[in-house]
Amino acid sequence: MISKKYNISSIEKLSSVALELLTLSDNRIFALYGEMGVGKTTLVKQFCDHLKIVDSVSSPTFSLVNEYINCDGNTIFHFDLYRVDNVDELIKIGIDSYLNSGNYCFIEWPNLLEPLLKANYTAIKMIEDINKRELYLLE
């Protein structure tokens, strides 16, 4: 169910939405849904800008997880689970340790991970068509 809808038709709007989403709750786990190329990694870059990441932010498509450090020395985790075939792969990389670390976790393609997620996470769906780019905060 959609709880809020945002227009993200420009990078400036996406940046302000990212900042708002970071301040909406104490949740540190963000599940990002949307088709390929819709802007999930761009959203993560905006989150990381607001969290003052000092590293370069890129899609972890082949590594599954990238770790970034912010100016305070905190670690942020960025997952891309597109190529993961089953939950066992996630368990082998220690996904529980990441999720229970208390650090920010941004997860692209989280569908396979849903059974392992606790109730305290923020679900976001991004859509794009010819006329609009929107982000939906899901309940």
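**Strand pairing and aromatic pairs in a predicted model**

Q: What makes β3 and strand β4 (residues 75-80) a pair?
A: β3 and β4 are joined in the antiparallel sense over 5 bridges. Two strands pair if DSSP finds at least two bridges between them, so β3 and β4 qualify. Strands here are DSSP runs (E, at least two residues) and helices are runs of H or I with at least four, both numbered from the N terminus.

Q: Why do β1 (2-7) and β3 (65-69) stand at the edges?
A: The 7 strands form an open, mixed sheet in the order β1-β7-β6-β2-β5-β4-β3. β1 and β3 each have a single partner strand, so one side of each lacks a neighbour in the sheet.

Q: Why is the aromatic pair of Phe-47 and Phe-106 called stacked?
A: Rings of Phe, Tyr and Trp (its six-membered ring) pair if their centres lie within 6.5 Å, and planes under 30 degrees apart count as stacked, over 60 as edge-to-face and the rest as tilted. The centres of Phe-47 and Phe-106 are 4.7 Å apart with 10° between the planes, so the pair is stacked. Phe-47 lies in helix α2 (residues 40-50) and Phe-106 in strand β5 (residues 105-108), so the pair ties together parts 59 residues apart in sequence.

Technical notes: Residues are numbered from 1 along each chain as its sequence is written. This is a predicted model: local features need pLDDT of at least 70, side-chain atom pairs count only at pLDDT 80 or more; totals for chains, interfaces and linings use all residues. Side-chain values use heavy atoms; hydrogens and water are left out.
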